[in-house]
Amino acid sequence: QVQLVESGGGLVQAGGSLRLSCQARGNISGSHVMAWYRQGPGKERELVASIRDNGNEHYADSVKGRFTISRDNAKTTVNLQMVNLKPEDTAVYYCNMVIINWPQAEQYWGQGTQVTVSS
């Protein structure tokens, strides 16, 4: 079993910056992908950014050039640096991890952390 513990988030003015962190605790074996999702008011949960074992990164078009995903060498902590934040970035941000031990895959979610961007 894996637990994802998030930190960061809060209230910031438009144009400001925030950094989210997520630490994975537990038995992590096999390849895995770590990611950040978000769910804004009245919206569906959407993928913000992800990073694979090989370091490949993926970003939603809406955050490209403003958000950067990174992880530590142990690949158990993933960070999301957010700059030039906009009111439309307001959402609950969730850490996600998918562990793949072919043919099985396990998915875990963090508890979510609120990011509020005021105009």
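This is a predicted model: local features need pLDDT of at least 70, side-chain atom pairs count only at pLDDT 80 or more; totals for chains, interfaces and linings use all residues.

R25 is placed in strand 3, where strands (E, at least two residues) and helices (H or I, at least four) are DSSP runs numbered from the N terminus. Residues are numbered from 1 along each chain as its sequence is written, and side-chain values use heavy atoms, with hydrogens and water left out.

R25 has a relative accessible area of 42% and counts as partly exposed. On this scale, with a 1.4 Å probe and protein chains only, buried means under 20% relative accessible area, exposed means over 50%, and partly exposed lies in between. If residues up to four places away in sequence are not counted, R25 touches Q1, V2, Q3 and V5; contact here means heavy atoms within 4.5 Å. The side chain of R25 also makes a polar contact with the side chain of Q23, at 3.0 Å. A polar contact is a pair of N or O atoms within 3.5 Å; within protein, one must be able to donate a hydrogen and the other to accept it, and residues adjacent in sequence count only if both atoms are side-chain atoms. As for V83, which is 58 residues away from R25 along the chain, the two C-alpha atoms are separated by 27 Å.

I turn to the charged pairs. Side chains of opposite charge can pair when their charged atoms come close. A salt bridge requires a side-chain nitrogen of Lys or Arg within 4 Å of a carboxyl oxygen of Asp or Glu, and the count by this rule comes to four. One of them joins E46 to R38, with the closest N and O atoms 2.7 Å apart. E46 is partly exposed at 35% relative accessible area, whereas R38 is buried at 6%. Another joins R66 and D89, again through their side chains, at 2.7 Å from N to O. This pair links distant parts of the chain, 23 residues apart: R66 sits in the loop between strand 6 (57–59) and strand 7 (67–71), and D89 in the loop between strand 8 (77–82) and strand 9 (91–101). Are R66 and D89 buried or exposed? R66 is buried at 8% relative accessibility, and D89 is buried at 0%. R38, E46, R66 and D89 are linked in a network of salt bridges. A further salt bridge, between D61 and K64, has an N to O distance of 3.1 Å, and both of these residues are exposed.

T90 is found in the loop between strand 8 and strand 9, and T90 is buried, with a relative accessible area of 18%. The side chain of T90 has a polar atom 2.9 Å from the backbone oxygen of P87, and the side chain of T90 also reaches the backbone nitrogen of V117 at 2.9 Å. Leaving aside neighbours within four places in sequence, the contacts of T90 include G40, P41 and Q114.

Next, the aromatic residues. Rings of Phe, Tyr and Trp (its six-membered ring) pair if their centres lie within 6.5 Å; planes under 30 degrees apart count as stacked, over 60 as edge-to-face, and the rest as tilted. How many aromatic pairs does this rule give? The count is two. The ring centres of Y37 and W109 are 5.0 Å apart and the planes are at 65°, so this pair is edge-to-face. Y37 belongs to strand 4 and W109 to strand 10 (residues 104–109), 72 residues apart. The pair of Y94 and W109 is also edge-to-face, at 6.4 Å centre to centre and 90° between the planes. W109 is partly exposed at 34% relative accessibility, while Y94 is buried at 15%. R45 lies over the face of Y94, 3.7 Å from the ring centre, and over the face of W109, 4.6 Å from the ring centre. The criterion is NZ of Lys or CZ of Arg within 6 Å of the ring centre and within 35 degrees of the ring normal.

Finally, the largest nonpolar core has 29 residues, and W36, L80, M82 and Y93 have the most contacts inside it. Strand 9 gives the largest share of this core, five residues. Such a core is a set of buried Ala, Val, Leu, Ile, Met, Phe, Trp, Tyr and Cys residues joined through side-chain atoms within 4.5 Å.
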